[in-house]
Amino acid sequence: MPCRPCNPRATREVMRRRSPIARRRLRAFTYVEAAMAMVILSTAVAAGFSTYGAFARGTLYDAEAVVAQELAAQLMTEIQVQDYDPPGYPGSFGRLASEPADGPRSLYDDVDDYDNWSASPPEMPDGTDMTSYIGYVRSVIVTNVDDATLSWAQSDGATDSKRIVVTVTRNGKLRARLTGYRINQNGFD
Ligand SMILES: [Ca+2]
Ligand SMILES: [Ca+2]
């Protein structure tokens, strides 16, 4: 049977002919539909903000990791071009009295002078604070390791291989860690 064309007047006539209970049920159903639509919309908006928040946090985290990698790489390069041992002190390990633990690093002249170095904010070799990187902590550990495997830690100064680990943290969280090695090349360095 063909449907009667829908128009507002016909709808009002249908509503008028229905019983009061039927009309109340129909209105209640409409309110329920509207309420459900609001709930769905609110949920969708909340999910959208949550996703955006996660994206923003991820972007910030990535940016910090890039900065941390660059800070770590800069210090690693600086250490690896130093002498393996200080001139005249083969097999030694650690800093001389003229090489204070808190720097400046411009006084350091061999790899293990950097052992247990840490600064926040990171510093330039002359001790100047790198104020663009407030909150970052840059640290170094130098360890003599087995010459054959470069993996087993050995006594200070006992081998011709040193492992250098540079870490960068921010707000207590690790952002970068670089591991490098410095080999004593037949005593020439
Ligand atoms: Ca030194
Ligand atoms: Ca030293």
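Colleague: Which residue takes a positive phi in the hairpin of β3 and β4?

Modeller: This is a predicted model, in which local features need pLDDT of at least 70, side-chain atom pairs count only at pLDDT 80 or more, and totals for chains, interfaces and linings use all residues. Residues are numbered from 1 along each chain as its sequence is written, and chains are lettered from A and ligands numbered from 1 in the order in which they are written. Strands (E, at least two residues) and helices (H or I, at least four) are DSSP runs numbered from the N terminus. The hairpin has two residues between the strands, and the one with a positive phi near 55° is N171.

Colleague: Is N171 buried or exposed?

Modeller: N171 lies in the loop between β3 (161-170) and β4 (173-183), and it is not a glycine. A residue is buried if 20 or more other C-beta atoms, placed from the backbone, lie within 10 Å of its own, exposed if 12 or fewer, and partly exposed in between. N171 has 9 other C-beta atoms within 10 Å, so it is exposed.

Colleague: What is the order of the strands in the open sheet?

Modeller: Strands of a sheet pair through backbone hydrogen bonds, either parallel or antiparallel. Two strands pair here if DSSP finds at least two bridges between them. The open sheet has four strands with antiparallel pairing, in the order β1-β2-β3-β4.

Colleague: Which strands have one side left without a neighbour in the sheet?

Modeller: In the order β1-β2-β3-β4, a strand at the edge has a single partner strand, so one side of it is left without a neighbour in the sheet. The strands at the edges are β1 and β4.

Colleague: Which residue in β3 does N144 stand opposite?

Modeller: β2 (136-144) and β3 pair in the antiparallel sense over nine bridges. In β3, the residue opposite N144 is K162.

Colleague: Which residue in β4 does R163 stand opposite?

Modeller: β3 and β4 pair in the antiparallel sense over 10 bridges. In β4, the residue opposite R163 is Y181.

Colleague: How many C-beta neighbours does L150 have inside 10 Å?

Modeller: L150 is in the loop between β2 and β3 and has a positive phi of about 60° although it is not a glycine. L150 counts as partly exposed because its C-beta neighbours inside 10 Å number 14.

Colleague: Is the peptide bond from S120 to P121 cis or trans?

Modeller: P121 is found in the loop between β1 and β2. With omega near 0°, the bond from S120 to P121 is cis.
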